[in-house]
Amino acid sequence: MQDTVAEITDFMQVIERVCLVKRDTLMTDGSTENDAAHIFKLAFLIMLVYPYLQKKYDYQRLLELALVHDIAEGITGDCPRSAQVAHPERRLEKEKQERAAMELYQKMLPPPLNKKIFELFSEYEARRTPEAKLVSVLDKMEANLQANRFGNGDIRYWTDCENGDEYYRIATAKKSLVAELDEKILTILEKNIIDLTLENMAKCNIKVSL
């Protein structure tokens, strides 16, 4: 048991590194969002949406997927969504690096944690289960919603990000998984976030080919 505790303690250092990973998104006070803030808000969004879902989902699994989905970035760092869309090869490299990071985590953790965390990450990446699809959808919605919070909707800062124009296209595009899941709460939430983005683009006089 002493060895198990030592491995858990060591792994918490990995989780601390996740808290230091910076994202492109700004918080309302102008500070840069980190992975820990995003994961926390995603978990809360799941809790807020869950009572209004029409189909059955494993609630514990949803929260576990949310907790694990970005932890590989403690090693790899964040690869902005805009860069992945603009350069598909970057996405492929990201997937390769993140899987290697998760394999390293698997070696660090004692059983059964090593298997469980690796399986959760693999499930999220595959987007085949209803839970993984739902968390993936809410992951993107949370990011788009937060991106609109800075400066009372001043989203001009996106243009300063790598391939920043892609953010406007991503934030205003309907997600295929929303239609596939066919949940009324998700459809309305997506529309509200898209409408908010379009309003802020108009307010900031941003014109991008969508």
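This is a predicted model: local features need pLDDT of at least 70, side-chain atom pairs count only at pLDDT 80 or more; totals for chains, interfaces and linings use all residues.

Reader: How much space lies in the largest pocket?

Author: About 400 Å³. The lining has 18 residues, and the closest to the pocket's centre are Ile 15, Leu 67, Val 68, Ile 71 and Ile 117.

Reader: And which elements give two or more residues to the lining of the largest pocket?

Author: Those are α1, α2 (35-49), α3 (59-68) and α7.

Reader: What's the lining of the largest pocket like by class?

Author: There are 16 nonpolar residues and two charged ones, with no polar residues.

Reader: OK, what about the second largest pocket, how much space lies there?

Author: About 240 Å³. It has 11 lining residues, and Arg 81, Ser 136, Lys 140, Lys 175 and Leu 177 are the closest to its centre. The elements that each give two or more residues to this lining are α5, α8 and α10 (176-181).

Reader: Which element gives the most to the lining of the second largest pocket?

Author: Helix α8, with three residues. By class, the lining of the second largest pocket divides into four nonpolar, two polar and five charged residues.

Reader: Which elements give two or more residues to the lining of the largest cavity?

Author: The list is β1 (22-26), α5 (81-86), α6 (88-108), α7 (113-126), α8 (130-147) and α9 (165-172). Of the elements, α8 gives the most to this lining, with five residues.

Reader: How does the lining of the largest cavity split by class?

Author: It has 13 charged, 11 nonpolar and five polar residues.

Reader: And the second largest cavity, what volume does it have?

Author: About 50 Å³. Its lining is made up of Lys 140, Met 141, Asn 144, Ala 171, Ala 173, Lys 175, Glu 190, Ile 193 and Ile 194. Helices α8 and α11 (184-203) each supply at least two residues of that lining. By class, the lining of the second largest cavity has five nonpolar, one polar and three charged residues.

Reader: Where are Phe 11 and Tyr 105 in the chain?

Author: Phe 11 is in helix α1 (residues 2-18) and Tyr 105 is in helix α6, so to speak two distant parts of the chain, 94 residues apart. Phe 11 and Tyr 105 are both buried.

Reader: What about Trp 158 and Tyr 168, why is that pair tilted?

Author: Their planes are at 50 degrees, so the pair counts as tilted, and the ring centres are 4.9 Å apart. Trp 158 sits in the loop between α8 and α9, while Tyr 168 is in helix α9, 10 residues apart.

Reader: Are Trp 158 and Tyr 168 buried or exposed?

Author: Trp 158 is buried, with a relative accessible area of 3%. Tyr 168 is buried too, at 0%. Trp 158 and Tyr 168 also belong to a cluster linked by ring pairs, together with Phe 150, Tyr 157 and Tyr 167.

Reader: Which residue lies over the face of Tyr 124?

Author: Arg 127, at 4.1 Å from the ring centre.

Reader: Now the strands: how many bridges join β1 to β2?

Author: Two, and the strands run antiparallel, with β2 covering residues 32-34. Lys 22 has Asn 34 in β2 as its bridge partner. The hairpin of β1 and β2 has five residues between the strands, and Gly 30 in this hairpin takes a positive phi near 90 degrees.

Reader: Last one: where is Leu 134 found?

Author: In helix α8. Leu 134 counts as buried, at 2% relative accessibility. Its C-alpha atom is separated by 7.9 Å from that of Leu 177, which is 43 residues apart from Leu 134 along the chain.

Methods
Residues are numbered from 1 along each chain as its sequence is written. Side-chain values use heavy atoms; hydrogens and water are left out. Helices (H or I, at least four residues) and strands (E, at least two) are DSSP runs, numbered from the N terminus. Ala, Val, Leu, Ile, Met, Phe, Trp, Tyr, Cys and Pro count as nonpolar, Asp, Glu, Lys and Arg as charged, and the others, Gly among them, as polar. On a 1 Å grid over the protein atoms alone, a cavity is a set of points where a 1.4 Å probe fits but cannot get out, and a pocket is an open set with protein on both sides within 12 Å along at least five of seven lines; lining residues have an atom within 4 Å of a point. Grid points are joined across faces, edges and corners, and a volume is the space filled by probe spheres set on the points. Buried means under 20% relative accessible area, exposed over 50%, partly exposed in between (1.4 Å probe, protein chains only). Rings of Phe, Tyr and Trp (its six-membered ring) pair if their centres lie within 6.5 Å; planes under 30 degrees apart count as stacked, over 60 as edge-to-face and the rest as tilted. A charge sits over a ring if NZ of Lys or CZ of Arg is within 6 Å of the ring centre and within 35 degrees of the ring normal. Two strands pair if DSSP finds at least two bridges between them.
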